[in-house]
Amino acid sequence: MSADPSVLRGNSARAGQVRPFQVMAILAEAQALQAAGRDIIHLEVGEPDFPTPEPMIDAAVAAMRAGKTGYTPALGLPQLRRKLADYYRQRFAVDISPQRFVLAPGASGALLLLSAARLDIGQKLLLADPGYPCNRNFARVFEAHGQLVPCGADKRYQLTPADIQTHWTESTKAALVASPANPTGTVLSPDELSALAQAVKAQQGELWVDEIYQGLNYTGAAQTVLSVDDDAVVLNSFSKFFGMTGWRLGWAVVPESWVPALDTLAQNLFLAPPTPAQYAALAAFEPETMAILEQRRQELARRRDYLLQALPPLGFEIPVAPDGAFYIYADASRFTDDSLSFCSRVLQETGVAITPGVDFGDYQAGTHVRFAFTTGLERLQEAVARLQQWLGK
Ligand SMILES: Cc1ncc(COP(=O)(O)O)c(C=O)c1O
């Protein structure tokens, strides 16, 4: 009999092997402190503090008032798939057939479909450590295996072609990279993406690229892997750049021959992506919405610039500045090799909530922490002042 306590309770072994976020413990602590009247500054939250832009809300409300509340096709509204294809043409100069866009409940839903469609039992998915922790668990629930490859600051926390060569085995199916990445915000350049694509092709494998933070770029223009490799698979979402986390809408771009399998799986697993969210998304690419999103990007850039200059004097080294997303991954080795208890003490003693590196993998996880700049500049300044006082700087 397995010693896994969840199995003993009758849960599957896989349920017992999916780790909860450690930051949830920090969040629960933060909520308890807040309920007791403490002022907590939230730098742990992985979603923008801006609501969905008005034109998108208006579009969803109008659609619902017009009675558009039923299921859509499993792959999403054809007009939204066409709009996405137009967006890729206009913004990234790539010509992708609307048929290759698969809408799903978030990038999470898209990865669920992709994992169901492509991963067999025992196959491996190569991933960077540190990385967004949920991705490896999608492999796990399909009895495949997310293989973490240590990626330090010297590699800008990203998989390299050499990693592909070293770690690829007979059972490896694909490599999944993220650009911009969570928790580090690093971006893969078109040349780097192209080199990765070639390395993966040399192994007859697949390159999956999580582009969910696309558009939240601070050091260069937004990119897509599709401009350098038409065979790559893209995961993306309306959650972050478009400010729609709670609406649950994302998409994948896949080779056309995979679409029927994804369609069948989508019909079975969730019937269709959420209808109001899709009508809201139809207004995402209007100039009015884009102007709002650009202002928000500029606001995030100001916050990033502020933290980049304010954190190092406190002792939080930033080995690699983020090019995108809304995170700074800082080296806190001066203070700790146990990032979870460090974050807990920081919260208890300063009221500033940050995320421990242990949530993103194993490699150097005890000495790193993530700061999310998803709160306004004044609150960031207050957080820095509190940390400064606490650290006696
Ligand atoms: C790197 C990365 N990929 C995917 C997701 C999932 O996003 P969603 O399902 O909201 O589209 C997240 C959410 O934080 C993320 O950080």
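Because the model is predicted, local features need pLDDT of at least 70 and side-chain atom pairs count only at pLDDT 80 or more, whereas totals for chains, interfaces and linings use all residues. Residues are numbered from 1 along each chain as its sequence is written, and side-chain values use heavy atoms, with hydrogens and water left out.

**Second largest pocket**

- The lining consists of 17 residues, and Gln 17, Arg 19, Pro 133, Arg 136 and Asn 137 are those that lie nearest the centre of the second largest pocket; a lining residue has an atom within 4 Å of a point.
- Two or more residues of this lining come from each of H7 and strand E4 (145–150), and H7 gives the most, with four residues; helices (H or I, at least four residues) and strands (E, at least two) are DSSP runs, numbered from the N terminus.
- By residue class, the lining of the second largest pocket divides into eight nonpolar, five polar and four charged residues, where Ala, Val, Leu, Ile, Met, Phe, Trp, Tyr, Cys and Pro count as nonpolar, Asp, Glu, Lys and Arg as charged, and the others, Gly among them, as polar.

**Largest pocket**

- The largest pocket has a volume of about 810 Å³, and of its 44 lining residues Tyr 132, Asn 182, Tyr 213, Lys 240 and Tyr 327 lie nearest its centre.
- Among the elements that give two or more residues to the lining of the largest pocket are helix H3 (23–35), helix H6 (106–118), strand E3 (124–129), helix H7 (134–141), strand E5 (172–178) and strand E7 (233–237).
- The lining of the largest pocket comprises 25 nonpolar, 11 polar and eight charged residues.

**Domains**

- The domain assignment of the protein chain gives domain 1 (5–51 + 289–390) and domain 2 (67–285), with bounds that come from an automatic or database domain assignment.
- The C-alpha centres of domain 1 and domain 2 lie 24 Å apart, and the contact between the domains takes 35 residues from domain 1 and 41 residues from domain 2, contact meaning heavy atoms within 4.5 Å.

**Sheets**

- Seven strands form an open sheet in the order E2-E8-E7-E6-E5-E3-E4, with mixed pairing; two strands pair if DSSP finds at least two bridges between them.
- The edge strands of this sheet, strand E2 (101–104) and E4, each pair on one side only, and the twist averages 25° from one strand to the next, with axes taken as lines fitted to C-alpha atoms, for helices over the stretch in contact, and angles running from 0 to 180 degrees between N-to-C directions.
- E3 and E4 run parallel and are joined by six bridges, and Leu 125 stands opposite Gly 146 in E4.
- Helix H9 (residues 190–202) packs on the sheet, where it touches E5 and strand E6 (206–210), and the direction of H9 makes about 145° with that of E6.
- A three-stranded open sheet has the order E9-E12-E11 with antiparallel pairing, and its edge strands are strand E9 (327–331) and strand E11 (355–356).
- Five bridges pair E9 with strand E12 (residues 368–372) in the antiparallel sense, and Tyr 329 has Arg 370 in E12 as its bridge partner.

**Backbone details**

- Asp 129 and Pro 130 are joined by a cis peptide bond with omega of about 15°, and Pro 130 is placed in the loop between E3 and H7.
- Another cis peptide bond joins Ser 179 and Pro 180, with omega of about -10°, and Pro 180 lies in the loop between E5 and H9.
- Tyr 157, although not a glycine, has a positive phi of about 60°; Tyr 157 sits in the loop between E4 and helix H8 (161–167).

Terms used: 1 Å grid on protein atoms, 1.4 Å probe; cavity = no way out; pocket = protein on both sides within 12 Å on 5 of 7 lines; lining within 4 Å. Points joined across faces, edges and corners; volume = space filled by probe spheres on them.
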